[in-house]
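Hi there,

Here is the structure I promised to pass along. Have a look at it first, and my notes follow below.

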Amino acid sequence: MKFKKISTRMLAIIVPVLIASMVILSMISVVNSRNTIKNQIEGRMEAEMRAAEESVENELNAVTTMAEVIARSVAATYSYTSLTAYETMLGEIITGNDTVLGSGIWFEPYVFVKSQEYMGPYIYKNGSEIEVTYDYSNAEYDYFNQEYYLNAKNSTAPTITNPYYDETTGLVMSSCSAPILVDGEFIGCVTVDMELSSIQNMVNSIQVGKNGTGMLLDSNGVYMAGVDESLVSSATPITSDTNASLAAAGATVMANDTGETTYQDPTYGKMDLYYTTVPATGWKVIIRMPESEINQPIQQLFILLMIVTAVAIVLEILIVVVQIRGIAKGIGRVKNFAGQLADGDFSVDPIEVRTVDELGLMSTSLNEMYDSNRDVISGIAKYAIDIDESSTRLSVAAAELSEQFASIQKLMNSVNEDMMTTSAATEEVNASTEEVLSNVSLLAGEADESMQMSREIQERAAGIEKQSTESSESAIRMTEQFSTRLNQSIENAKVVESISELTDVISNIAEQINLLSLNASIEAARAGEAGRGFAVVATEIGSLAGSTSEAVGKIQDTIAQVQDAFNDLTGAASGLLDFVQNTVSPDYRLFVEVAGQYGGDAARFQEKSNNISEMSANIKHIMGEVTDAIQSIAEATQNTTDSSNQIMSSIEVVADHVDNISTMSGQQQEIAENLNTTVGRFKLTSDERPALEAKEED
C-alpha cells in the first residue's frame with residue numbers, strides 16, 4: 001500500500017508494532033512472573049519438606065543410635081554378664097527418653113543359656129515405673145519369626161519397622177532392631193520401641209500459605225499423620241483413599257523417591273502435591289497446596305499489566321503523531337531548497353535550521369554544500385581562461401624536456417653495462433675466498449675438539465686415580481670397623497634372651513585390660529547417644545587385649561627364630577670379611593697404578609692438539625681480512641649498479657610523464673572550453689550574467 005503522506009505511513013507502521021511489542025512484553029512478564037512465583041513456592045515446599053524430613057530423621061537417629069550402642073555392649077559382654085545387669089542397664093537407658101516406650105534383648109537359641117531356646121527379657125514403662133517381663137520368651141510368641149527379629153537377622157545395621165496403631169494406648173508406634181554380632185556371627189538382636197506422637201505433631205503443624213498442609217506416609221503408603229484420625233487408626237493406605245484422584249496421585253508418590261504431582265480435591269479443586277522420602281525408613285513426607293492459591297498473584301499481575309499496556313499505547317500514539325508532524329514540516333523545507341539548487345539557482349537564501357536532530361544536521365549539510373558549491377563555481381568561472389593559456393605554454397615545454405631525457409637515457413645505458421661486468425668478476429673472487437676460509441674453519445674446529453677431548457680424558461684419569469685410592473682406603477677402614485661391630489653384635493645378641501621374661505608381664509596386663517573394657521561397655525550403654533563413641537572404643541580395647549595375649553605366644557616363638565638367624569648371619573659375615581681383606585684390597589692398588597699411566601698419555605695428546613689449534617687460528621685470521629676486503633669491493637660495485645638502474649628507471653618514468661604532460665596539456669585546453677560552457681548555466685546572483693556570454697563578447 002502506498003501513502004501520500006509520510007505521517008500516515010509512519011503511523012501505520014509504528015502503531016501496530018508498538019501494540020504488538022507491548023502485548024508480547026506483557027505476556028513475557030506474566031510468564032516470567034508465573035515461573036518466578038512457582039519457583040519460590042517450590043523452594044518453600046522443598047524447604048518445608050527438608051525441615052520435616054530432618055526432624056523425622058533426628059527422632060529416628062536418636063533411637064537407632066541407642067539400639068546400636070546397646071547391641072555392641074551386649075556383643076562384648078554377654079559371655080560373662082548376668083540378665084539382672086542387662087535389665088538394670090536397659091531400665092536406666094529408657095528412663096531418660098520420653099519417646100522410648102520399652103526395650104528388649106532377644107538371643108538366638110541356646111546362646112545366652114545353653115539349656116534354653118528362648119531368652120528375651122523386655123523392659124518397658126508402666127506409667128512412672130519400669131517393669132521387666134519374660135512373657136515374650138516362649139514358643140507361643142515365637143519372637144524368631146517376628147518382623148523386627150527377621151529385619152535384624154538380615155541386616156548388619158539398625159532397621160525400623162513400619163508404624164502400627166496401638167488400640168490400647170491410642171498411639172502410633174514403631175520398633176527399631178539392631179543385630180548383635182560377634183566376629184560377624186549373628187547371636188540375637190536388641191529392640192527399642194518408640195511412639196511417634198512427636199513426629200505426628202510436627203507434620204500436623206506444617207502450614208504453607210493459607211491452605212497448604214503436610215502429610216506423612218509409611219513405606220507401604222499407610223497414613224501416619226496430616227489426615228483424619230480415623231484414617232490413621234484404621235491403617236488406610238493412600239492408594240485406597242475414597243478420593244480416586246488422590247489415590248492415583250498416591251500411586252505416583254509411592255513409585256518415586258521425590259517429585260511433584262496433582263489431584264482434585266472436593267473443597268479446593270486442583271491441588272499441587274510435593275513429596276520426598278526419608279532414606280532411613282522409606283517414609284513419605286508430603287505437602288499439598290491448592291493451585292488456585294498459587295495462581296492468584298499471577299492473575300492479579302496479568303490484569304494490572306493489561307491496564308498499564310493500554311494506557312501506554314494511547315500515550316505513545318499521541319507522542320508519535322506530534323513528532324511526525326514536526327518532522328514532515330522540516331522535510332518539506334528541505335525538499336523546496338534542494339529543488340531550487342537542482343535547477344541551478346544559487347541566488348536563494350539558505351535554509352533556517354531550527355533543530356539539532358538528524359533533520360537539522362541534514363539542513364546544515366545542505367547549507368554548507370550550498371556555500372561550498374557557490375564559491376567553487378565562481379572560482380571556476382574566474383580561472384577557466386587562465387587555465388587555457390597555461391595549457392598552451394606547458395605543451396611547448398614538455399616537448400623540449402622529452403628530447404633531453406632521450407639523450408640522458410642513452411648515456412646511462414652504457415655506464416650500467418660496464419658496472420655489471422665489474423660486479424660479476426668480484427663475485428667470482430669472493431666465492432673462492434669464502435671456500436678457503438670455510439676449510440680453515442673446519443680444521444680449527446677439529447683441532448679444538450681434539451684438545452677438549454684430551455682435557456676430558458686427563459680429568460677422567462685423575463678422577464679415576466683419586467676414586468680408586470679413596471675406595472682402597474675406605475675398604476680397609478670398613479674391614480676394620482666391620483670386624484669390631486661383628487664382635488659387638490655377638491655380645492648384643494644376648495639381650496634377646498631377656499625379652500622372654502617380659503612376655504609374661506605383658507600377658508598379665510592384657511587380662512586386666514579385658515576386665516576394664518567390659519565395665520566401660522556397660523557404662524557407655526547407660527549413657528545412650530553420648531556414650532556411643534566410647535562404647536565402640538571400649539569394645540575395641542577388649543578385642544585388643546585378646547589380640548595381645550595371642551601376640552605374646554608368637555613373640556616367644558620369634559625369639560628362638562631370631563637367635564638361629566643371628567648365628568647364621570655371624571658365619572656369613574666372617575666369610576665376607578676374609579674376601580675383602582685378601583681379594584678386594586690388592587685389586588684396588590693395581591687399578592690406581594693403571595689410572596696414573598692413563599693420565600700421562602692424555603697430557604701429551606693435549607699438547608699436540610694445542611699446537612694445531614694455534615696454527616689454524618692464524619690462517620683463519622689472515623683469510624678473514626682478505627674476505628672483508630673483497631666483500632667491500634663487491635658491495636661498492638653492487639651499490640653503483642643499483643644506483644645506475646634506479647637512475648635509468650627514474651629517467652624512463654620522467655620521460656613517460658613528460659609525454660603524458662604534453663598530451664594532457666592539449667586535453668586541458670579542451671576541458672577549459674567545456675568548463676566555461678558548463679559554468680555559464682549557473683546563476684550566482686540575480687543581476688549576474690553567465691561567464692560564457694561575457695567571454696564571447698570580449
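**What I found**

Gly-104 stands opposite Thr-191 in strand E7 (strands, E, are DSSP runs of at least two residues, and helices, H or I, of at least four, numbered from the N terminus). Before going further: this is a predicted model, in which local features need pLDDT of at least 70 and side-chain atom pairs count only at pLDDT 80 or more, while totals for chains, interfaces and linings use all residues. Residues are numbered from 1 along each chain as its sequence is written, and side-chain values use heavy atoms, with hydrogens and water left out.

**Around strand E7**

Strand E1 (residues 100-107) runs antiparallel to E7, joined by seven bridges; two strands pair if DSSP finds at least two bridges between them. E7 also pairs with strand E6 (residues 171-182), again in the antiparallel sense, over 10 bridges. Thr-191 turns up here too, as the bridge partner of Ser-177. The hairpin of E6 and E7 has two residues between the strands, and Asp-183 takes a positive phi near 55° there.

**Helix H4**

In helix H4 (residues 197-204), the buried residues are Ile-199, Gln-200, Met-202 and Val-203. Seen down the helix axis, they fall within an arc of 160°, so they line one face of H4 (the arc is that of the directions from the axis to the C-beta atoms).

**A nonpolar surface patch**

A nonpolar patch on the surface has about 1,000 Å² of accessible area together, and its members include Ile-19, Met-27, Phe-302 and Leu-318. Such patches are made of residues with over 30% relative accessible area and no salt bridge, with nonpolar side chains (Val, Leu, Ile, Met, Phe, Trp, Tyr) joined within 5 Å and like charges within 9 Å. A salt bridge is a side-chain nitrogen of Lys or Arg within 4 Å of a carboxyl oxygen of Asp or Glu. Accessible areas come from the Shrake-Rupley method with a 1.4 Å probe; for residues, only the protein chains shown count as cover. Helices H1 (6-77) and H7 (291-342) each supply at least two residues, and H7 gives the most, with nine. Met-27 lies in H1 and is partly exposed, with a relative accessible area of 41%.

Best wishes

Methods:
Buried means under 20% relative accessible area, exposed over 50%, partly exposed in between (1.4 Å probe, protein chains only).
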